[in-house]
Amino acid sequence: MAETILKQTLVMLILMLIGALSAKTGLISASANKDLSKFVLQVVNPVVIFMSYQTELKAELVKKLLLTFALSALAMAVMLAGAYLFIRPREGRNTEIERFSSIYSNCGFMGIPLVNAMFGMEGVFCLTAFITVFNLTVWTHGVILITGEKDVKSVLKVLRSPTMIAIAVGLLAFFLKIRLPEIPSKALGYISELNTPLAMVVSGVTISQTSFAGIVKKTGVYRVCFSKLILLPFILIVIFSLLPIDEQVRMTVLVAAAAPPAAMCTLLCIRSGKDSLYASEIFTAGTILSVITLPIVVKFTEYLTKMIS
C-alpha cells in the first residue's frame with residue numbers, strides 16, 4: 001500500500017509541475033486558475049463523491065461509513081488538541097494561521113485521488129465521512145480561528161455547498177437503492193476522472209505564485225509542516241493502532257488527516273485581511289513535502305499494524 005501511495009504522489013507531483021510550468025509560461029493565468037479551482041470544488045469533487053455512493057447497498061459498507069464518521073471525529077479532536085498544545089502563542093507569531101494549517105488538511109484535492117488509488121470508489125465512499133466532519137469543523141471553528149468572528153451564516157452556507165449536497169443526495173440514493181441509468185452514469189464517470197489531473201494542475205499553478213526564497217527563511221513554515229505532516233499523523237497512528245478498526249477505514253482517515261495543509265487558510269486570510277502570503281507559503285511547502293511524508297505515514301502504519309498483530 002505504501003508503494004501505491006508513493007507512485008500516486010509522484011504522479012501527482014508531475015501533474016503539479018505541469019500546472020506550475022503552465023503558469024510560468026502564461027498558459028494559465030491566476031484568474032483562470034481561480035475558475036478551475038471553483039470548477040473542481042463545486043463540480044468535479046461533488047460528482048466524485050456522489051458517484052462513490054452509486055454502489056450496491058451492503059451492511060458492511062454502512063458499518064464502514066459509520067465507523068469512518070466516528071474515527072474522523074476522533075482524528076479531528078486529536079488534531080485540534082495537538083495544534084493548540086504544540087503551537088503556542090508567541091509575540092510576532094501568526095498563531096491562528098499556524099494552528100489552522102496544522103489542523104485542517106487538503107482532504108478533497110489530495111485525499112480523494114490518494115484514497116481512490118488505494119481502495120477505489122469504496123475508499124472514496126468512506127472518505128466522504130471525513131470530508132463531512134472536516135467541512136462542519138472548518139466552517140465553524142476554522143472560520144472563528146482565522147477571522148475571530150462567530151458567523152452563523154458560514155455554517156448555513158456549508159450545509160448548502162455542492163459537496164454537502166452531493167453527500168446528502170448520494171446517501172439518499174445509496175440507501176433508497178437509486179442507481180443512475182447507463183448514459184448519465186457514464187457522463188458523470190468522465191467528470192470524476194478529471195479530479196486528479198485538474199486538482200493537481202490547480203495546486204501547481206498556486207504553488208508557482210509563491211516565492212521559495214521566502215519559504216526557506218521562515219522557521220514557522222517548518223514548524224507547521226512538521227506538526228501537520230509528521231507529528232500529529234504519527235500520534236493518530238499510535239492511537240488508531242490500539243483500536244480494533246478495519247484497515248481500509250483506518251488508512252482512509254489517516255491519509256486524509258496527513259494530507260498537506262488546506263488551501264482554504266489562504267482564502268480565509270484574504271477575506272479577513274490576515275497574512276495570506278504566509279498561509280500560501282505553508283500550503284506550498286506542505287504540498288511539496290507531503291510527497292515524501294505521506295508514503296512514510298502509510299509505511300509506518302503498516303509496520304506498526306504488523307507488529308501489534
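## A buried threonine in a loop

Thr-210 is buried, with a relative accessible area of 6%, where buried means under 20% relative accessible area, exposed means over 50%, and partly exposed lies in between, for a 1.4 Å probe and protein chains only. The model is a predicted one, in which local features need pLDDT of at least 70 and side-chain atom pairs count only at pLDDT 80 or more, while totals for chains, interfaces and linings use all residues. Residues are numbered from 1 along each chain as its sequence is written, and side-chain values use heavy atoms, with hydrogens and water left out.

Thr-210 is found in the loop between H10 and helix H11 (212-217); helices here are DSSP runs of H or I with at least four residues, numbered from the N terminus. Leaving out residues up to four places away in sequence, Thr-210 touches Ile-215, Ser-280, Glu-281 and Thr-284, a contact being heavy atoms within 4.5 Å. With Thr-284, a polar contact of 3.1 Å also joins the two side chains. A polar contact is a pair of N or O atoms within 3.5 Å; within protein, one atom must be able to donate a hydrogen and the other to accept it, and residues adjacent in sequence count only if both atoms are side-chain atoms.

## An exposed lysine

Lys-177 lies in the loop between H8 and helix H9 (182-192), and this residue is exposed, with a relative accessible area of 59%. The phi angle of Lys-177 is near 60 degrees, which is a positive value in a residue other than glycine.

## The largest pocket

The largest pocket has a volume of about 1500 Å³. On a 1 Å grid over the protein atoms alone, a pocket is an open set of points where a 1.4 Å probe fits, with protein on both sides within 12 Å along at least five of seven lines, and lining residues have an atom within 4 Å of a point. Grid points are joined across faces, edges and corners, and the volume is the space filled by probe spheres set on the points.

The lining holds 42 residues, of which Ser-37, Leu-41, Ala-263, Met-264 and Leu-267 lie nearest the centre of the pocket. The largest share of this lining, nine residues, comes from H2, and the helices that each supply at least two residues include H2 (30-52), H8 (162-175) and H14 (264-272). Thr-163, which is found in helix H8, is buried with a relative accessible area of 14%, and, leaving aside neighbours within four places in sequence, Thr-163 is in contact with Leu-41, Pro-46, Ile-49, Ile-131 and Asn-135.

## A covered helix

Helix H4 (residues 95-103) is mostly covered, since eight of its nine residues are buried. Among these buried residues are Ile-97, Glu-98, Arg-99 and Phe-100, and the buried residues of H4 pack against helix H3 (59-86), H6, helix H12 (219-241), H14 and H15.

Cys-225 is in no disulfide, as the nearest cysteine sulfur, that of Cys-265, is 12 Å away, and Cys-225 is buried with a relative accessible area of 4%. Cys-265 is likewise in no disulfide, and the nearest cysteine sulfur, that of Cys-269, is 4.2 Å away.

Notes:
Disulfide = S-S within 2.5 Å.
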